[in-house]
Amino acid sequence: MLTIKKILHSTALAAAISLAAASALPAAAAVTVGNNDSGNCYPFSCFPSDNGTTYQQIYSATAFSGITSFNQISFFGHSEYLGLPMDTASYRITFSTSSKAVNGLSGVGSENVGADSQLFSIVNVSGNMPSVLSFTGATFTYDPSLGNLLMQVDVLTPLPLGQYQSFFQADYTGTDTQRYYAYNGSPEGTVGNGALRTEFSNVSAVPEPETYALMIAGLALLGFAARRRKQKTA
């Protein structure tokens, strides 16, 4: 029968090995979807000023080489408008796998959302536009074989500036992405091009303190076991 010491030894050893293996994994390559054709201030610059409430972007599955896990998304400031103010607001960002096609979004926003809709993050935006605006949230694993990727952004607490001064890089080709937006809580909105160029990346997570403690305990037990073996041999 296994003794408590052996169980603790096995558990700590497994934790140490898992942490070491996770640390050794290469970071996933970032995926950027969309061209830089022109600028757009929806949804993070002037959308609340227009009483916007729901914004969606769909991304073509063909832009992804395979199953992709990401916990960070980034948007890029248009070079002519960097350092100018954005609307101040809180936003809820969710992702899902959509059955809708690029250039095939429904004018009813709820019809575009997939069954696997997952909260990514609730974020606050204010101040002047940076060169790159990044948000980190819960990891979403996307399988392009199941459909296109849909991002939904809901305005929660708007404190708009009413200024149209800052714009993000946007894609107007309608090839890899398309957008939908609705005002004043309406379920129906407008569909068109001009969706934001977006980068999806996977930022390495910092291990929890409990994980570090378990790893240290595992290493200590490994040292103790090695000393016992040495004493027995002697």
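**View 1. Aromatic pairs in a predicted model.** Rings that pair up come to a count of 20 aromatic pairs here, and keep in mind that this is a predicted model. Take Phe95 and Phe120: their ring centres are 5.4 Å apart and their planes sit at 85 degrees, so this pair is edge-to-face. The cut-off for that label is over 60 degrees.

**View 2. Where Phe95 and Phe120 come from.** Phe95 belongs to strand S5 (residues 88–98), while Phe120 belongs to strand S6 (residues 118–125), so their pairing ties together parts that lie 25 residues apart in sequence. Are these two residues buried or exposed? Both Phe95 and Phe120 are buried.

**View 3. An aromatic cluster.** Zoom out a bit and you'll find that Phe95 and Phe120 are part of one aromatic cluster.

**View 4. A charge over a ring.** Here's another kind of contact for a ring: Phe76 has the charged end of Arg197 sitting over it. That charged end is 4.8 Å from the centre of the Phe76 ring.

**View 5. The salt bridge.** The structure holds one salt bridge, and its partners are Asp154 and Arg92. Their closest N and O atoms are 3.4 Å apart. This pair links distant parts of the chain, with Asp154 in strand S8 (residues 148–159) and Arg92 in strand S5, 62 residues apart.

**View 6. Two partners, two surroundings.** Arg92 comes in at 32% relative accessibility, so it counts as partly exposed.

Key
Residues numbered from 1 in each chain as written. Predicted model: local features only at pLDDT ≥ 70, side-chain atom pairs only at ≥ 80, totals over all residues. Heavy atoms only, no water. Phe/Tyr/Trp six-rings, centres within 6.5 Å; stacked < 30°, edge-to-face > 60°. Helix = DSSP H or I, 4+ residues; strand = E, 2+ residues; numbered from the N terminus. Buried < 20%, exposed > 50% of the residue type's maximum accessible area, 1.4 Å probe, protein only. Lys NZ or Arg CZ within 6 Å of the ring centre and 35° of its normal. Salt bridge = Lys/Arg side-chain N within 4 Å of Asp/Glu carboxyl O.
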